[in-house]
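Please read the following report alongside the model.

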Amino acid sequence: MVGLVLALVGIAMMVAAALRLRDYNGSGLVATIVGAVLVVGSLYPLVPAFKAFAGDRKRSRLLREDQLVPARRAAAAAREEAQIAMGYAAAAVIVAGLLLMAFANGGGVAETFFTKSAWDASFNEMIHAFWTNIWVACVSQVLVLIVGLLLAIMRMLPGRAGAPLRLIALVYCDIFRAIPAIVTILLIVFGTPLAFPTTANWPPEWLGIVSLTMTYSAYVAEVYRAGLSSIHPSQSAAARSLGLSYTQTLRTVLVPQAVRRVIPPLLNDFISLQKDTALLSTASIAEVVLVSKLWESNLFNLSPITLAAAFFIVITIPQARFVDYLIERDAARRGAH
Amino acid sequence: MAFLEIDEVHKSYGHHEVLKGVSLNVERHEVVCLIGASGSGKSTLLRCVNALEEIQGGEIRIDGDTVTGAGVDLNALRRDVGIVFQSYNLFPHMSVLENVMLAPIRVAGVAKGEARERAMTLLASVGMQDYAKSYPDRLSGGQQQRVAIVRALAMQPRVMLLDEITAALDPELVGDVLEIVRELANGGLTMLLATHEMGFAKEVASQVCFLDNGSILERGTAEQIFEQPREERTQQFLSRVVKSGRL
Ligand SMILES: Nc1ncnc2c1ncn2[C@@H]1O[C@H](COP(=O)(O)OP(=O)(O)OP(=O)(O)O)[C@@H](O)[C@H]1O
Ligand SMILES: [Mg+2]
């Protein structure tokens, strides 16, 4: 019952949204088609809703005929269909609601965030600027992998001889995990050319890479360390008992097992690093957010900033899905034991 | 002079003294069994012989050569002393064959082809040749333990330490593993093993030591210890073991 009501509400809202969409687009063909598809889609919950009603009638009939077990089966099937109807109808209501919101205020919302002319005007410069974000992120990621590993190894050096280096690595990680990335960026990008005049000619992107590397290697060192110490000491004992040296044990037994475990958290840190390239805008580096802000103040319209958001979404989502895939695969492998 | 001499060994974790002066000799081709309650220090003693734990007092000698204290080449020592753990500890990221070949190649410097051949022969001797390509997580506990034994044997150790290697196994798998140890004993391998399989100990051990709270309370032949224990603690321990159906 609820499912049916929800389905009808969803249909009504979707029709309204489709009309707004068409009006907003001046009855453009694409908008009309999109609207029509959405409306047809919102009709879908009716199917399970009617199946649920049919199932319910079947149950009553079976009950009258005293067929208890088939009646129970029919009731369960009807309930399942009703739940499906509700689930899909709720989704239709949410989508339609979001669309209506986007066209609320006489198209004001759409105007503010999604103006096509503003996108057309800014697109070329924006994509060019976004390239800066990408290569800065990639170079930083490679450096972070190396520096992070060095820090992690320093933190795990054994014995008294390793103590001073262990302490240095510990202090480094603590400090750079404490300082907000944006502060490190400001200090490094603006400070380095003043403190070391020889670096005054360096492109600011290089300094941006240095500051992101400094921040993120502190995190990644922790990821490596957690991965290595998550391997049970009995593995190390088994390797040593066979006569393998400390380094051989690390290389052939511990690291290969740790790598698989650290890849998902490592990729998560990389995604976060990509997004933090946006912070370089505060240091006057011509990356995509800075450029979009310039366009925003030129056009008095936020749409270029939405475009920047879209760029980040497009490159991040596949990676996020990939991380999920890896995590699920590992979970499945563990479950198989 | 015995082949393996454990002389007044003391071992503490922090303030907790786990071994309180343990002395024990194992002759060449002799099999010595350690029995004792959980926590009495059996595993710790075996780990000390393999230098997986540092000792705080006493000395361990192998073939007359002191192998404890500063300056000892641990990697060389461990080539002579093999150990098999209660929990198998196979390397899960390597196949059975790779597990067995790792140390001969990396530590003993055996050529790959020869190492493979030797590994396959050893695996065949414990009936595991068909599983050479499998990964440990696909094997039963008993199969894993047989591979672990082979992995230690591949280094051709002069003495083997076995730490309750059947304790984690289902009863019907115990027999296979013990059969292998029996063959090793018959073949003249020197062994020091912690075990609760009294019947097995009677059969292979020339000496049984009852370890209680960090020291050896009583020692003798299997018949002596199991049938006429002198110490009250030994009697109590054995009656508990009998009650739990291990004898
Ligand atoms: N790494 C460690 N740190 C601190 N204490 C330890 C450590 N390993 C063992 N011990 C302690 O040493 C004592 C002896 O342990 P050990 O493992 O040698 O006993 P065990 O005779 O092998 O027992 P079980 O039959 O349960 O295997 C125990 O009290 C244990 O708590
Ligand atoms: Mg033990």
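The report below describes these topics in turn.

This is a predicted model, in which local features need pLDDT of at least 70, side-chain atom pairs count only at pLDDT 80 or more, and totals for chains, interfaces and linings use all residues. Residues are numbered from 1 along each chain as its sequence is written, chains are lettered from A and ligands numbered from 1 in the order in which they are written, and side-chain values use heavy atoms, with hydrogens and water left out.

**Ligand 1**

The shell around ligand 1 (residues with a heavy atom within 4 Å of it) includes Tyr13(B), His16(B), Val18(B), Lys42(B), Thr44(B) and Glu164(B). By class, this shell holds three nonpolar, seven polar and two charged residues, where Ala, Val, Leu, Ile, Met, Phe, Trp, Tyr, Cys and Pro count as nonpolar, Asp, Glu, Lys and Arg as charged, and the others, Gly among them, as polar.

| Residue and atom | Distance to an oxygen atom of ligand 1 |
|---|---|
| Ser38(B), polar side-chain atom | 2.5 Å |
| Gly39(B), polar backbone atom | 2.8 Å |
| Gly41(B), backbone N or O atom | 3.0 Å |

Taken alone, ligand 1 exposes 630 Å², of which the protein buries 60%; such accessible areas come from the Shrake-Rupley method with a 1.4 Å probe. The elements of chain B that give two or more residues to the shell are β2 (16-26) and α1 (42-49), and α1(B) supplies the largest share, three residues; helices (H or I, at least four residues) and strands (E, at least two) are DSSP runs, numbered from the N terminus.

**Chains A and B**

The contact (heavy atoms within 4.5 Å) takes 23 residues from chain B and 19 residues from chain A. Together the two chains bury about 1,700 Å², 61% of it on carbon and sulfur atoms, buried area being the accessible area (1.4 Å probe) that two parts lose on being put together, summed over both. Phe91(B), His93(B) and Arg106(B) supply 28% of the area that chain B buries against chain A, more than any other three residues. The count of salt bridges between chain B and chain A is zero.

**Salt bridges**

Over all chains, the structure holds 22 salt bridges, each a side-chain nitrogen of Lys or Arg within 4 Å of a carboxyl oxygen of Asp or Glu. In one of them, the side chains of Arg155(A) and Glu222(A) meet at 2.7 Å, N to O. This pair links distant parts of the chain, with Arg155(A) in helix α6 (residues 116-155) and Glu222(A) in helix α9 (residues 204-229) of chain A, 67 residues apart.

Definitions and conventions. A polar contact is a pair of N or O atoms within 3.5 Å; within protein, one must be able to donate a hydrogen and the other to accept it, and residues adjacent in sequence count only if both atoms are side-chain atoms.
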